[in-house]
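Here are my notes on the model you sent over. Have it open while you read, and go through the points in order.

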Amino acid sequence: MKNNNIVIMYDIMKNINRIYFKAQSLENSEMKWNYSGNGNITVTNDCEKVYFSEEIILSDGLKYFDKKLWNFMEDCIEFYRYRNGEYEKIFEFYLKNEEFVVKKDYWCSPDLYFGNIRIIGDKICFSVKIEGTRKNELLEYVYFRDSELDIL
């Protein structure tokens with residue numbers, strides 16, 4: 001990792017331990033994904049890979065578990081989700097004018113995924129927009145440390 005912004009993102013991510021999550025169904029969605037919640041992150045580092053094990057308690061009291069992988073390369077950050085027993089690459093984020101931009105959107109028929117990631121102070125804000133024949137969803141994740149809990 002040579003790019004300073006990628007190094008900063010890596011340093012923040014390897015120290016994350018909390019998450020705020022929000023899912024919302026937008027206009028014309030059939031999914032009714034309207035949840036929010038807070039949770040804990042267990043972080044595991046393996047060289048320049050950061051693994052997240054997420055446990056989120058949703059507003060209705062249900063628990064949601066998920067796994068993610070962030071692979072920090074010299075010129076990009078790769079994002080993987082865990083599905084069907086393996087990590088699947090979804091996005092590659094590159095820096096352009098000091099902002100992270102996704103190399104290409106992710107197609108999972110019949111849906112198209114758009115990604116966005118930003119550093120705000122010591123927090124990581126990650127969002128995924130999903131559009132398809134039945135979906136129009138916005139998923140938002142804010143990753144942070146315990147000490148920042150009072151700011152959400």
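1. Start at Phe126. Leaving out residues up to four places away in sequence, Phe126 touches Trp70, Phe79, Phe91, Phe93, Asn116, Ile117, Leu139, Glu140, Tyr141 and Tyr143. Bear in mind that this is a predicted model.

2. Now the core. Which residues of the largest nonpolar core touch the most other members? They are Trp70, Phe126 and Tyr143, out of 32 residues in that core. Helix H1 supplies the largest share of this core, with 5 residues. As background, nonpolar side chains in soluble globular proteins tend to be buried together.

3. Phe126 also belongs to an aromatic cluster, whose other members are Phe21, Phe52, Tyr64, Trp70, Phe79, Phe91, Phe93, Tyr141 and Tyr143. How many aromatic pairs turn up in the whole structure? The search finds 16.

4. Tyr10 and Phe72 are both buried.

5. Then there is Trp70 with Phe79, a tilted pair at 4.7 Å centre to centre and 45° between the planes. Are Trp70 and Phe79 buried or exposed? Both are buried.

6. A charged residue meets a ring as well: Lys67 lies over the face of Tyr82, and the distance from the ring centre is 4.6 Å.

7. On to the sheet. It is open and has 11 strands, with antiparallel pairing, in the order S7-S6-S5-S4-S3-S2-S1-S11-S10-S9-S8. At the edges you will find strand S7 (99-102) and strand S8 (106-108), each of which pairs on one side only. On average, neighbouring strands are turned by 25° against each other, direction ignored.

8. For a look at one pairing, take strand S1 (residues 18-25) and strand S2 (residues 35-46): they run antiparallel and are joined by 6 bridges. Phe21 stands opposite Gly37 in S2, and Phe21 is also one of the aromatic cluster members from point 3.

9. Finally, where does H1 pack? H1 packs on the sheet and touches several strands, including S2, S4, strand S9 (111-120) and strand S10 (123-131). The direction of H1 makes about 90° with that of S9.

Technical notes
Residues are numbered from 1 along each chain as its sequence is written. This is a predicted model: local features need pLDDT of at least 70, side-chain atom pairs count only at pLDDT 80 or more; totals for chains, interfaces and linings use all residues. Side-chain values use heavy atoms; hydrogens and water are left out. Rings of Phe, Tyr and Trp (its six-membered ring) pair if their centres lie within 6.5 Å; planes under 30 degrees apart count as stacked, over 60 as edge-to-face and the rest as tilted. Buried means under 20% relative accessible area, exposed over 50%, partly exposed in between (1.4 Å probe, protein chains only). A charge sits over a ring if NZ of Lys or CZ of Arg is within 6 Å of the ring centre and within 35 degrees of the ring normal. A nonpolar core is a set of buried Ala, Val, Leu, Ile, Met, Phe, Trp, Tyr and Cys residues joined through side-chain atoms within 4.5 Å. Helices (H or I, at least four residues) and strands (E, at least two) are DSSP runs, numbered from the N terminus. Contact means heavy atoms within 4.5 Å. Two strands pair if DSSP finds at least two bridges between them. Axes are lines fitted to C-alpha atoms, for helices over the stretch in contact, and angles run from 0 to 180 degrees between N-to-C directions.
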